[in-house]
Amino acid sequence: EEIIFPSEFEDRKMKEASVIRWLLSHNPYDRPLSEELLHSEYMPLNMEDSQLHEVLVHTLSSPNTSRYRDMMDALFSQQPSAALDYTYDMQFHQKTAFSTLQARLQQTVRERLAMLCVRHGLDISVETC
(Lines give C-alpha, C1' and ligand atoms only; values in the text may rest on other atoms or scores of the structure.)
Protein backbone atom coordinates (compact mmCIF):
# COMPACT_ATOMS: atom_id res chain seq x y z
CA GLU A 1 0.00 0.00 0.00
CA GLU A 2 1.30 3.44 -0.91
CA ILE A 3 1.89 6.12 1.72
CA ILE A 4 0.04 9.28 0.69
CA PHE A 5 0.72 12.79 1.94
CA PRO A 6 -1.25 15.99 1.34
CA SER A 7 -0.04 17.41 -1.99
CA GLU A 8 1.06 20.76 -0.50
CA PHE A 9 3.22 18.92 2.07
CA GLU A 10 4.95 16.78 -0.51
CA ASP A 11 5.45 19.75 -2.85
CA ARG A 12 7.10 21.90 -0.17
CA LYS A 13 8.83 19.23 1.88
CA MET A 14 10.07 16.62 -0.59
CA LYS A 15 13.05 15.60 1.52
CA GLU A 16 10.98 15.19 4.69
CA ALA A 17 8.33 13.22 2.80
CA SER A 18 11.02 10.86 1.49
CA VAL A 19 12.36 10.23 4.99
CA ILE A 20 8.90 9.62 6.42
CA ARG A 21 8.03 7.30 3.55
CA TRP A 22 11.29 5.39 4.10
CA LEU A 23 10.63 5.08 7.85
CA LEU A 24 7.02 3.97 7.34
CA SER A 25 7.79 1.38 4.71
CA HIS A 26 5.36 -1.52 5.02
CA ASN A 27 8.19 -4.04 4.65
CA PRO A 28 10.33 -3.82 7.82
CA TYR A 29 13.43 -4.91 5.89
CA ASP A 30 13.11 -1.81 3.69
CA ARG A 31 13.14 0.53 6.71
CA PRO A 32 16.49 2.16 7.50
CA LEU A 33 18.60 1.39 10.50
CA SER A 34 19.41 4.47 12.55
CA GLU A 35 22.98 4.33 11.24
CA GLU A 36 21.74 4.23 7.65
CA LEU A 37 19.46 7.18 8.25
CA LEU A 38 22.21 9.23 9.90
CA HIS A 39 24.55 8.63 6.97
CA SER A 40 21.92 9.13 4.29
CA GLU A 41 21.63 12.09 1.97
CA TYR A 42 18.63 13.26 4.01
CA MET A 43 20.60 14.23 7.09
CA PRO A 44 22.88 17.27 7.28
CA LEU A 45 26.56 16.39 7.32
CA ASN A 46 27.90 18.70 10.01
CA MET A 47 26.81 21.36 12.40
CA GLU A 48 27.92 24.83 11.42
CA ASP A 49 30.78 26.20 13.50
CA SER A 50 28.65 29.04 14.84
CA GLN A 51 25.93 26.61 15.97
CA LEU A 52 28.49 24.35 17.63
CA HIS A 53 30.10 27.35 19.33
CA GLU A 54 26.72 28.51 20.61
CA VAL A 55 25.90 25.07 22.03
CA LEU A 56 29.31 24.80 23.71
CA VAL A 57 29.11 28.27 25.23
CA HIS A 58 25.61 27.59 26.53
CA THR A 59 26.58 24.19 27.95
CA LEU A 60 29.79 25.42 29.57
CA SER A 61 28.05 28.42 31.14
CA SER A 62 25.64 26.14 33.01
CA PRO A 63 27.79 23.88 35.24
CA ASN A 64 24.81 22.63 37.26
CA THR A 65 23.12 20.94 34.31
CA SER A 66 23.26 17.30 33.30
CA ARG A 67 24.56 18.30 29.83
CA TYR A 68 27.56 19.97 31.44
CA ARG A 69 28.27 16.89 33.58
CA ASP A 70 27.87 14.63 30.52
CA MET A 71 30.31 16.78 28.55
CA MET A 72 32.88 16.80 31.36
CA ASP A 73 32.52 13.04 31.86
CA ALA A 74 33.04 12.46 28.15
CA LEU A 75 36.09 14.74 28.04
CA PHE A 76 37.84 13.38 31.10
CA SER A 77 37.04 9.70 30.62
CA GLN A 78 39.07 9.48 27.41
CA GLN A 79 42.31 7.57 27.69
CA PRO A 80 45.29 8.94 25.74
CA SER A 81 47.12 6.57 23.48
CA ALA A 82 50.24 5.13 25.08
CA ALA A 83 52.47 6.59 22.37
CA LEU A 84 51.06 10.12 22.75
CA ASP A 85 51.22 9.89 26.52
CA TYR A 86 54.87 8.77 26.42
CA THR A 87 55.92 11.35 23.84
CA TYR A 88 53.90 14.28 25.19
CA ASP A 89 56.93 16.08 26.59
CA MET A 90 58.88 15.38 23.41
CA GLN A 91 56.28 17.41 21.49
CA PHE A 92 56.06 14.93 18.61
CA HIS A 93 52.29 15.12 18.70
CA GLN A 94 52.22 18.85 17.99
CA LYS A 95 54.17 18.80 14.75
CA THR A 96 53.35 15.55 13.02
CA ALA A 97 51.82 12.17 13.63
CA PHE A 98 53.82 9.86 15.89
CA SER A 99 56.77 8.29 14.12
CA THR A 100 58.56 5.28 15.55
CA LEU A 101 61.64 6.16 13.50
CA GLN A 102 61.69 9.70 14.88
CA ALA A 103 61.33 8.39 18.47
CA ARG A 104 64.19 5.93 17.96
CA LEU A 105 66.34 8.65 16.43
CA GLN A 106 65.73 10.95 19.38
CA GLN A 107 66.52 8.14 21.84
CA THR A 108 69.77 7.37 19.99
CA VAL A 109 70.80 11.04 20.09
CA ARG A 110 70.08 11.20 23.83
CA GLU A 111 72.13 8.06 24.50
CA ARG A 112 75.09 9.32 22.45
CA LEU A 113 74.98 12.69 24.18
CA ALA A 114 74.95 10.92 27.53
CA MET A 115 78.00 8.85 26.48
CA LEU A 116 79.81 12.05 25.46
CA CYS A 117 78.93 13.68 28.77
CA VAL A 118 80.30 10.68 30.71
CA ARG A 119 83.42 10.55 28.53
CA HIS A 120 84.16 14.19 29.38
CA GLY A 121 83.62 13.75 33.09
CA LEU A 122 79.99 14.81 33.42
CA ASP A 123 77.88 12.29 35.31
CA ILE A 124 74.49 13.15 33.79
CA SER A 125 71.61 10.75 33.26
CA VAL A 126 70.11 10.24 29.79
CA GLU A 127 66.91 12.06 30.81
CA THR A 128 68.72 15.27 31.79
CA CYS A 129 71.47 15.30 29.19
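1. A starting point for reading this one: pLDDT is the predictor's confidence in each residue, on a scale from 0 to 100. You're looking at a predicted model, and its protein chain averages a pLDDT of 80, with 83% of the residues scoring at least 70.

2. Now have a look at helix H8, which runs over residues 100–119. It has 20 residues and spans 29 Å from its first C-alpha to its last, close to the 28 Å expected at 1.5 Å a residue.

3. Which residues of H8 are buried? They are Ala103, Ala114 and Cys117. Seen down the axis of H8, the buried residues fall within an arc of 60°, so they line one face of the helix.

4. Just after the helix, Gly121 takes a positive phi of about 90°.

5. On to the aromatics. A search of the whole structure turns up two aromatic pairs. In one of them, Phe5 and Phe9, the ring centres are 5.4 Å apart and the planes sit at 45°, so this pair counts as tilted. Stacked would need planes under 30 degrees apart, and edge-to-face over 60.

6. How accessible are the two partners? Phe5 is buried, with a relative accessible area of 15%. Phe9 comes out at 25%, so it counts as partly exposed, because the cut-off for buried is under 20%.

7. Ser34 belongs to helix H3 (residues 34–38) and is exposed, with a relative accessible area of 58%. Between Ser34 and Leu23 there are 10.0 Å, C-alpha to C-alpha, and the two are eleven residues apart in sequence.

8. Ser40, for its part, lies in the loop between H3 and helix H4 (49–60). Buried or exposed? Ser40 is buried, at 12% relative accessible area. What does its side chain reach? The side chain of Ser40 comes to 2.8 Å from the backbone oxygen of Leu37.

Technical notes. Residues numbered from 1 in each chain as written. Heavy atoms only, no water. Phe/Tyr/Trp six-rings, centres within 6.5 Å; stacked < 30°, edge-to-face > 60°. Buried < 20%, exposed > 50% of the residue type's maximum accessible area, 1.4 Å probe, protein only. Helix = DSSP H or I, 4+ residues; strand = E, 2+ residues; numbered from the N terminus. Expected span 1.5 Å × (residues − 1). Arc of directions from axis to C-beta. Polar contact = N/O pair within 3.5 Å; in protein donor to acceptor, adjacent residues only side chain to side chain.
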